[in-house]
Amino acid sequence: MGAILLPDCTLFPHGALPLHIFENRYRQMLSEALEGDCLFCVGRLTSEETPEYHDCTAEIGTAGLIRTSREQPDGRSDLILHGVCRVRFTEWLPGKAYPFSRIEPVPSLPLRERDATTESRRLRNAVESVLLGFPDKIVKQVEALLDRATEPTIMSDVVAQQFVQDSELRHSLLGEPDVSKRIDLIVDHLRSLRSGES
């Protein structure tokens, strides 16, 4: 599958990423994706890009679905990519103008039903604590978002996409298969935001 490689950029499943496509190689990738299944991946560059993609790209990325795409008169495009699932880049393949890799899905470790309820509540409480003092309109919008993402795997990704800005933490969260550990990291981060440490 084709992949756009970006520094300090992480897309979570269930999240949205606006992209401005201007490089010729990525224009070609977008065109081929739109002619096919409308999917491509987002990979995070860990160093300056080289032709040896496995040396400069994080192992875990995200497959995304093109939700909207608008081509400009000069051939550039603006699009919204919706995160579908975590993937592992298993082998970078030659033959394309753009990065192209074999991928495999990276599932999250399942939670027991009782644990799922506890973890969802723990994460929601942390988010609601951060929102104290915010205008009612914003609080209601976030609450509506959380209401739609009651399952902790989804909720943790939605909260990470919206509330975590630190690029290293975002990538750690993307690569963590254990949902409880993900929530631990997010809760600690939200507490630090509330206390003014970040």
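Visitor: Why does L17 count as buried?

Guide: Start with the number: L17 has a relative accessibility of 12%. Buried means under 20%, so at 12% L17 gets the label. By the way, this is a predicted model, and every value I quote is computed from it.

Visitor: What does L17 touch, leaving out residues up to four places away in sequence?

Guide: L17, which lies in strand β2, touches C9, L11, V42, L79, I80 and L81. Each of these counts as a contact because it has heavy atoms within 4.5 Å of L17.

Visitor: How do you know whether M29 is buried or exposed?

Guide: M29 has a relative accessible area of 2%, and the cut-off for buried is under 20%, so M29 is buried. You'll find M29 in helix α1. Setting aside neighbours within four places in sequence, M29 is in contact with G2, A3, I4, F40 and Y98. K96 is another residue to look at: 67 residues separate it from M29 in sequence, but the C-alpha to C-alpha distance is 8.8 Å.

Visitor: And what makes H189 buried?

Guide: H189 has a relative accessible area of 12%. That is under 20%, so H189 is called buried. This residue lies in helix α7, which covers residues 179–195. Beyond its neighbours within four places in sequence, H189 is in contact with F163, V164, Q165 and L169.

Visitor: Why is T117 called exposed?

Guide: Exposed means over 50%, and T117 comes in at 55% relative accessibility, so it passes that mark. T117 sits in helix α3, residues 113–130. If you want to see some distance along the chain, look at T117 and E128: they are 11 residues apart, and their C-alpha atoms are separated by 16 Å.

Visitor: Which residues line the largest cavity?

Guide: The lining is made of C9, T10, L11, V42, G43, R44, I60, G61, T62, H171 and L174. By class, that gives five nonpolar, five polar and one charged. Three elements, β3 (39–45), β4 (60–71) and α6 (167–175), each supply at least two residues of that lining.

Visitor: What makes T62, one of those residues, buried?

Guide: T62 has a relative accessible area of 0%. The label needs a value under 20%, so T62 is buried. T62 is found in strand β4. Apart from neighbours within four places in sequence, its contacts include F12, P13, F40, G83 and L174.

Visitor: How do you know that T62 and L11 make a polar contact?

Guide: Check the distance: a polar atom of the T62 side chain lies 2.4 Å from the backbone oxygen of L11. The limit is 3.5 Å, so that pair is inside it.

Visitor: What about the whole protein: why does its radius of gyration agree with a compact globule?

Guide: With 198 residues, a compact globule would have a radius near 16 Å, and the protein has 18 Å, which agrees. The C-alpha atoms fill a box of roughly 50 × 35 × 30 Å along the principal axes. Of the 198 residues, 43% count as buried. The protein has seven helices and six strands.

Technical notes
Residues numbered from 1 in each chain as written. Predicted model: local features only at pLDDT ≥ 70, side-chain atom pairs only at ≥ 80, totals over all residues. Heavy atoms only, no water. 1 Å grid on protein atoms, 1.4 Å probe; cavity = no way out; pocket = protein on both sides within 12 Å on 5 of 7 lines; lining within 4 Å. Helix = DSSP H or I, 4+ residues; strand = E, 2+ residues; numbered from the N terminus. Nonpolar A, V, L, I, M, F, W, Y, C, P; charged D, E, K, R; others polar. Buried < 20%, exposed > 50% of the residue type's maximum accessible area, 1.4 Å probe, protein only. Polar contact = N/O pair within 3.5 Å; in protein donor to acceptor, adjacent residues only side chain to side chain. Rg over C-alpha atoms; globule rule 2.2 N^0.38 Å.
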